[in-house]
Structure formats: structure tokens, C-alpha cells
Amino acid sequence: MIYGFIGLGNMASAIVQGMTRSEYFRKATLVGFDADTAKMQALAKQADLKPLASPVAVAQVADVVVLAVKPQILSSVLDEELKAILQGGEKLIVSIAAGKKIAWYEEILGKNIALVRVMPNLAAKVGAACSALCKNEKASKLQLEIAQKIFASIGTTHVIEEKLFSAFTALSGSSGAITLMYINAMATIGVNAGFTKDTALLIANEAVMGSSKLLSETGNRLMELQDAICSPAGTTIAGVLAAKKLGLESIILQSIQAIIDKDIDMAK
């Protein structure tokens, strides 16, 4: 099977490299195009990718076409020649363009297309992405599974309803920036206590990763774990009560909701 990428930016590059490492795609052929020729040639050297001359050239040979250009230029990339190739319904189209719903593609390309919409996140760069997938009616269960295999090469996958994509974007994608703010804040107080910034960041990051691993490997019993960390009249419960009093939970709730609201607004 031939997998073609239209656009080879950071996310597509991570996917290509993940597929190159995966046993599942060992016999697959990867082709791609990017307007930045230097970037395309550099990726071809790093991974098992054959560079092609245009988006049309990619679509002509690929069984699976991954649309990985920025959403604001997607309309211009889908010119008449490319649309004519994709409208046939013989190829699986996979889109990672944020905010572009299935209905948008079906309006542009017709309802005869087999389409899987995917929302990965930046952790794809280190093989730890959390990706959401949904398909249109034309796409088969097997085609959805093919898309899942692609994104399983860079992390975990979740098949969800399209109406939950905005919430998934907030929980999995955008929330990373807020998590990094939290880690930096912990590191800052570490510097105030006497650590160097590099050491404080390392400790804070390891603490967050440890908590996440503990949560995932003990059956997601979040409140039990939180209670176990808090000794009666101890230091931890003092910090937890201070966080509650200062409104930490409310800040997180409002921040994530703001992301969801913005994503819904952008998709209109």
C-alpha cells in the first residue's frame, strides 16, 4: 500500500518517522510533497519517504492520502485537478487539519469520499501523541483501522464522535501549554528555594511524569491516589487546601472551557 502526505510540516514529519519505525508499515511505500523543498529533502533523508513534485503527484499514486497542510491554505491546495482525483472515492483521505469538519470536506469533494478526520497532538514528536479519530459514512471499518495504525505509530488513538473533537482538542492538544505553564511555575518556586532553573525544571517534569504514570498504572483511581499522598495534618494537604482556596480547580476548568469555546467558534 502507498501512503501519501500532502504537507510535511512538524506533525506530518513526526507521523512519517513513526511509520518508518513501525513494523506494521515495513512493506509500505511512503511518498510526500511540501512546498519547502529543503524540508522535504531533509525528511526524505531521515525517514523512508520518496519526495514527489506536487500534491497531484502524491494523490495520483497513493492509496491513502494524508492532508497535512495548515487549515487556512487547505482550500487553495484542493485545486480542481487535485479534487478530481480525490472525488473518485477510491482512496482513503485522512485529514489532520484543525477545525475542518467532515461536512466541510464533503461539501468540497462530495459525499462519495472515504474520509477519516484525525486530531493528533505535538507529543507525536516523541512518540507520545494522543490522537482522536472519526470517520464519515463512506469510510469502512477497515479504512478506520488503517488510519488508527498510522497514528498508533506515534502514540495512542481514540475513536470518538466528531461532536467531541473540540473537547478532545482542549483535553489532549491545547492543554499541553497549560501543563507546561504549571511545570514552569513549580520550577520557578524551586529556583526561589535555591535550585538552578535547569535542575528545578527537571525535578518538576519528573514529578509530573511520575504522577501520570502512577495514575495510568494503578487503574485511574485518582482520588484514592490523591488521598494517599496527603498525610493527616501534613505538608501536602496544606498545599492542596491552599490550591483549593486560591481557585486552582476553577482556573483549570475555565481555561480548558475557553479552549473548547474558541475551537467551536473557529469551526463555524
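This dialogue explains how to read several features of a predicted model.

User: What kind of model is this, and how are its residues numbered?

Analyst: This is a predicted model, in which local features need pLDDT of at least 70 and side-chain atom pairs count only at pLDDT 80 or more, while totals for chains, interfaces and linings use all residues. Residues are numbered from 1 along each chain as its sequence is written, and side-chain values use heavy atoms, with hydrogens and water left out.

User: How many helices and strands does the protein have?

Analyst: Helices (H or I, at least four residues) and strands (E, at least two) are DSSP runs, numbered from the N terminus. The protein has twelve helices and eight strands. Its C-alpha atoms fill a box of roughly 70 × 40 × 30 Å, taken along the principal axes.

User: What share of the residues count as buried?

Analyst: Burial is judged by relative accessible area: buried means under 20%, exposed over 50%, and partly exposed in between (1.4 Å probe, protein chains only). Of the 268 residues of the protein, 40% count as buried.

User: Which residues illustrate these classes?

Analyst: Q143 lies in helix α7 (residues 141–152) and counts as buried because its relative accessibility is 18%. K141 is also placed in helix α7, yet K141 is exposed, with a relative accessible area of 64%. P51, in strand β3 (residues 50–51), counts as partly exposed at 27% relative accessibility.

User: What does Q143 touch, not counting residues up to four places away in sequence?

Analyst: A contact means heavy atoms within 4.5 Å. With residues up to four places away in sequence not counted, Q143 touches L92, A114, V116 and K138.

User: How should I read sequence separation for the whole protein?

Analyst: Among contacts with a separation of 6 or more, 61% are between residues 24 or more positions apart. I2 is partly exposed, with a relative accessible area of 25%.

User: Which residues have the most contacts inside the largest nonpolar core?

Analyst: A nonpolar core is a set of buried Ala, Val, Leu, Ile, Met, Phe, Trp, Tyr and Cys residues joined through side-chain atoms within 4.5 Å. The largest one has 66 residues, and those with the most contacts inside it are Y3, F5, I15 and F151. Helix α1 (residues 10–21) supplies the largest share of this core, six residues. Residues up to four places away in sequence aside, I15 touches F5, I96, I150, F151, S153 and I154.

User: At what angle do the axes of α8 and α9 cross?

Analyst: Axes are lines fitted to C-alpha atoms, for helices over the stretch in contact, and angles run from 0 to 180 degrees between N-to-C directions. The axes of helix α8 (residues 165–193) and helix α9 (residues 197–217) come within 8 Å and cross at roughly 135°. That angle makes α8 oblique to α9, given that angles under 35 degrees count as roughly parallel, over 145 as roughly antiparallel, 65 to 115 as roughly perpendicular and the rest as oblique.

User: Which residues of α8 and α12 make their contact?

Analyst: Helix α8 and helix α12 (residues 248–266) pack at an angle of about 125°, with their axes 9 Å apart. The contact is made by S166, A167, T169, A170, L171, S174, S175 and I178 of α8 and by S255, I256, I259, I260, D263 and I264 of α12.

User: What is the phi of A233, and where is this residue placed?

Analyst: Most residues other than glycine have a negative phi. A233 has a positive phi of about 55° although it is not a glycine. A233 is placed in the loop between α10 (222–229) and α11 (235–246), and A233 is exposed, with a relative accessible area of 84%.
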